[in-house]
Amino acid sequence: MAWNEGYVVEEAYTSGFFRKQSPVHLSVACALNGFEPVDTRKPFTYLELGSGQGFTANVLAAANPHATFYAVDFMPGHVVTADEFATAAQLGNVTHLENSFAELAEGKADLPPLDFITMHGVYSWINPENRRHIVDLVARYLKPGGMLYVSYNALPGWAAATPLQRLVIEHARANPKRLGAQIAQAKGLIDKLVDAKAHYFASNQDGTVLRSRLDSWAKDKPVYLAHEYLNGSWEALYHADVVRDFAAAKLDFACSAELCMNVDPRQLPDDQRAIVESIDDPVLRETVLDYIQNTAFRSDIFIRGARRMSPARRQQWWDQIGVALTVPRRFATLGQPVEPGSRGFASPILDMLEDGPMSVQDLAERNGCPPDAIANIVSLLVWHDQGAPFIVSTQPPSKDTSLRLNVEVAHDAVPHDRYQALASPLLGSGISASALQRLVYHALSEKPNAVDRHALTQWIWQVLTDQGGPIILHHDPLPDRETELLEIGRAVDDILALRVPIWHQLHMI
């Protein structure tokens with residue numbers, strides 16, 4: 001078999017940042033759901049499997065300078081890109097390795113016992129043999145009490161869209177061209193079938209999963225679609241099977257890293273709640289919840305030796321979990337439409353967070369509500385990418401490494417648009433940053449006390465023009481240079497007035 005074992009290697013994967021892989025986020029998720037977490041304030045070890053171009057691992061290493069990170073990918077081009085960026089940012093606590101899962105399972109990499117192993121977009125994209133290698137390497141390296149994060153395309157939610165993936169694979173096998181041409185032609189075939197009212201599409205496209213897949217074909221980049229659809233071993237998985245896989249490595253399922261997916265049966269309609277509460281077996285219970293929600297993607301956290309916290313121990317952790325806004329207060333809506341004069345339950349809590357990050361316990365006491373209620377708001381903020389949790393420390397976070405990485409990310413935004421997040425040492429993670437935000441950060445890093453708003457607007461316009469293509473700030477290309485400068489100027493004003501204070505709160509600048 002070829003070295004790639006059916007995995008797409010013709011084009012490098014995108015360089016995204018995946019916040020659910022943050023060790024702080026994973027520990028907070030476990031603590032919120034009653035499981036003893038790993039205390040990320042202490043030194044820890046971390047491995048990312050299938051790390052792609054290594055951006056997630058690099059951001060996390062910068063945001064957690066007291067920890068040791070390893071990132072492994074089997075594509076040499078990915079590894080050299082990741083290592084070059086780590087070198088440019090002077091990250092001394094991350095090592096990028098080129099190894100296969102089989103080599104790791106056999107102990108051929110020099111890895112220490114690990115507190116965290118994570119993988120995003122890997123487990124349902126590889127063949128069963130490689131899934132077995134992953135179980136073996138987890139058994140070899142993960143410490144007792146250590147955490148595993150694994151995300152995967154899931155059933156039953158993917159059931160309606162699985163034939164779409166099969167159609168794309170069969171089209172590629174019949175048309176052995178370069179990836180770009182395969183994706184373009186597959187898209188043309190899908191469009192023709194939809195227009196011709198093929199019964200598969202006509203019968204299923206009202207469903208949210210297939211509809212979202214068709215929307216993805218319309219808007220996502222070809223390189224993403226190639227890695228998503230053209231891997232020969234792609235397979236959507238049932239949660240129960242993944243649980244049984246990792247039981248062989250003595251792992252217990254704890255909770256979802258997507259905080260909103262940890263369903264409290266009390267939130268379900270009465271008839272659904274009765275069904276769930278009648279089930280004692282945890283695997284069957286979680287499976288039934290997947291059927292209730294038609295889950296199409298899971299973000300599971302497993303623990304090697306999961307320990308339930310006592311009520312007293314859980315109370316201790318309420319004081320140690322904090323939350324911070326990652327967007328300006330006006331945009332922190334928890335997904336609700338903003339109506340003039342409306343003041344829901346969350347509004348005073350969000351108002352407090354505008355002044356700076358706070359612990360869950362402090363927010364609960366100041367608002368006269370139980371910590372669980374604040375935890376629900378934390379979950380919604382994370383779901384909508386409007387806030388993030390952190391673990392409270394008596395010591396201010398060391399931000400030197402985060403600053404170095406952020407400067408490199410900002411400099412890279414001039415010729416490219418590759419790295420779309422900045423590191424926060426307070427969060428031990430990263431937050432999304434648009435191209436304009438990164439260019440403003442670049443200007444502030446060059447002249448922190450002397451930013452000329454007019455000159456900055458002109459410079460950003462020139463940078464975006466030199467990158468080629470239309471300038472799009474919202475949805476549609478802007479019609480002319482005058483409008484482009486006007487809109488860029490407005491965006492710069494908002495970033496300086498609203499985003500920069502948040503960067504200061506999060507120790508990012």
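Q: Leaving aside neighbours within four places in sequence, which residues is R366 in contact with?
A: In this predicted model, R366 is in contact with M352 and M358, once the neighbours within four places in sequence are set aside.

Q: Where does R366 lie, and is it buried or exposed?
A: R366 lies in helix α16, which spans residues 360-367. R366 is exposed, and its relative accessible area is 58%.

Q: How far apart are R366 and I509?
A: In sequence, R366 and I509 are 143 residues apart. In space, the C-alpha to C-alpha distance between R366 and I509 is 29 Å.

Q: Changing topic: how many disulfides are found in the whole structure?
A: The search finds zero disulfides.

Q: Is C30 buried or exposed?
A: C30 is buried, because its relative accessible area is 0%.

Q: And what about C369: which cysteine sulfur is nearest?
A: For C369 the nearest cysteine sulfur is that of C260, 17 Å away, and C369 is in no disulfide. C369 counts as buried, with 14% relative accessibility.

Q: What does S379 touch, not counting residues up to four places away in sequence?
A: S379 touches L259 and C260. S379 is found in helix α17, residues 371-383.

Q: Why does S379 count as buried?
A: S379 counts as buried because its relative accessibility is 10%, and the cut-off for buried is under 20%.

Q: On to helix α11: which residues are buried there?
A: In α11, residues 239-247, the buried residues are H239, A240, V242, V243 and F246. They cover an arc of only 165° around the axis, so they sit on the same side of α11.

Q: Why would residues three or four places apart point the same way in a helix?
A: An α-helix has 3.6 residues a turn, so residues at that spacing point the same way.

Q: What do the buried residues of α11 pack against?
A: They pack against strands and helices: β4 (114-119), β5 (142-153), β6 (251-256) and β7 (297-304), together with α5 (128-141) and α13 (282-293).

Q: Last topic: in which sense do β2 and β3 pair, parallel or antiparallel?
A: Strand β2 (residues 68-73) and strand β3 (residues 94-98) pair in the parallel sense, over five bridges. V72 has L97 in β3 as its bridge partner.

Q: Through which helix does the chain cross from β2 to β3?
A: The chain crosses through helix α3 (residues 76-88), and this β-α-β crossover is right-handed.

Note on methods:
Residues are numbered from 1 along each chain as its sequence is written. This is a predicted model: local features need pLDDT of at least 70, side-chain atom pairs count only at pLDDT 80 or more; totals for chains, interfaces and linings use all residues. Side-chain values use heavy atoms; hydrogens and water are left out. Helices (H or I, at least four residues) and strands (E, at least two) are DSSP runs, numbered from the N terminus. Buried means under 20% relative accessible area, exposed over 50%, partly exposed in between (1.4 Å probe, protein chains only). Contact means heavy atoms within 4.5 Å. A disulfide is a pair of cysteine sulfur atoms within 2.5 Å. The arc is that of the directions from the helix axis to the C-beta atoms. Two strands pair if DSSP finds at least two bridges between them. A crossover is right-handed if, with the strands pointing away from the viewer, the path from the first strand over the helix to the second runs clockwise.
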